[in-house]
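Let's take a walk through a protein model together, one stop at a time.

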Amino acid sequence: MAEHKEESVMDKISEKLHGSSSSSGSDDEGRSSSPSAAAAVKAKIYRLFGREKPVHSVLGGGKPADLFLWRNKKISGGVLAGATSIWLLFEVLEYHLLTLFCHCLILTLGTLFLWSNASAFINKSPPNIPEVKIPEDLAVNVARSLRYEINRGFASLRAIGQGRDLKKFLIVIAGLWILSALGSCCNFLTLFYIVFMVLYTVPVLYEKYEDKIDAFGEKAMVELKKYYAIFDEKCLSKIPKGPSKDKKH
């Protein structure tokens, strides 16, 4: 009887150990599968314009992205206040750029000149005017970047003019027409200020309401693709296209 009881106790202990190991194994499998499942769900989420990176990375990262996304509210608010003051100064008060530049330069030079000459009489040190120079490397890098962007723009215009991509042609024509309409309504400074305000408000609002905007954008893209397919079938497909590169060779 004692041996039988010992065997039954050992059987119960082995069953418990087996059950706990199987449950821990299932938990491990669930944990290992949960990241992959989360990654799969995340991959299925639609992002506006096919975006795969965070908004901060799309804006280039670093200080410019921090500025547009209001990471430091004091700095971003100061830049916004400065841009608004400049726009009010030139557009509302109708101050001219050359006049403002000359007045600021007169005030600065006059203050420094009087301070330098009066320092001997008031027993104070003269102003320490720093020597300002533009580094050669910075000027070369800016010139190279500007040259690259201009050449890329010329290449895109040349490709559009050759008639190979009708979709891109229509997008560029529509964009230029919108810019011409805006240019007839406001001058360059006001247009620049509008673009600045869009860059200062749209990214931070998009980052805050990202999921809702992406869901709405997905529905809008489905509708746009549907109407574009109809327009392509009825109109665009009937327009003769230019010769391709393969036919030329």
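Our first stop is Glu-94, which is exposed, with a relative accessible area of 60%. Here buried means under 20% relative accessible area, exposed means over 50%, and partly exposed lies in between (1.4 Å probe, protein chains only). You can find Glu-94 in the loop between H4 and H5. Its backbone deserves a look too: although Glu-94 is not a glycine, its phi is positive, about 55°. Most residues other than glycine have a negative phi.

Before going on, a word on what you are looking at. This is a predicted model, in which local features need a pLDDT of at least 70 and side-chain atom pairs count only at pLDDT 80 or more, while totals for chains, interfaces and linings use all residues. Residues are numbered from 1 along each chain as its sequence is written, and side-chain values use heavy atoms, with hydrogens and water left out.

Now step back to the whole protein. It has ten helices and zero strands; both are DSSP runs numbered from the N terminus, with helices (H or I) of at least four residues and strands (E) of at least two. Of the 249 residues in the protein, 10% are buried. The accessible surface of the protein is about 20,900 Å², and 67% of that belongs to carbon and sulfur atoms; such areas come from the Shrake-Rupley method with a 1.4 Å probe, and for residues only the protein chains shown count as cover.

How far apart in sequence are the residues that touch? A contact means heavy atoms within 4.5 Å. Among contacts between residues at least 6 apart in sequence, 59% join residues at least 24 apart.

How confident is the predictor? The pLDDT is its confidence in each residue, from 0 to 100. The mean pLDDT of the protein is 77, and 74% of the residues reach 70 or more. Over residues 20-35, however, pLDDT stays under 50, and the model has zero contacts beyond four places in sequence for them. Residues 37-43 also have a pLDDT below 50, and beyond near neighbours in sequence this stretch has zero contacts in the model. Where pLDDT is low, the predicted coordinates should not be read in detail.

Let's look at helix H4, residues 73-92. At 1.5 Å a residue, its 20 residues should span 28 Å, and its end C-alpha atoms are 27 Å apart, which agrees. The expected span is 1.5 Å times one less than the number of residues.

Which residues of H4 are buried? They are Ser-76, Leu-80, Ala-83 and Phe-90. These residues are on the same side of H4, because they cover an arc of only 110° around the axis; the arc is that of the directions from the helix axis to the C-beta atoms. The buried residues of H4 pack against helix H3 (62-68), helix H5 (97-118) and helix H8 (188-208). On the other side of H4, Lys-73, Lys-74 and Val-92 are exposed.

Val-79 is another residue of helix H4, and at 33% relative accessibility it counts as partly exposed. Setting aside neighbours within four places in sequence, Val-79 is in contact with Leu-67, Phe-196 and Tyr-200. Val-79 and Leu-67 are twelve residues apart in sequence, and their C-alpha atoms are 8.6 Å apart in space.

In the loop between H3 and H4 you will find Trp-70. Trp-70 is not a glycine, yet its phi is positive, about 55°. With a relative accessible area of 26%, Trp-70 is partly exposed.

Our last stop is helix H6, residues 136-161. Its 26 residues should span 38 Å at 1.5 Å a residue, and its end C-alpha atoms are 37 Å apart, which agrees. Just after H6, Gly-163 takes a positive phi of about 75°.

How values were computed: pLDDT is the predictor's confidence in each residue, from 0 to 100.
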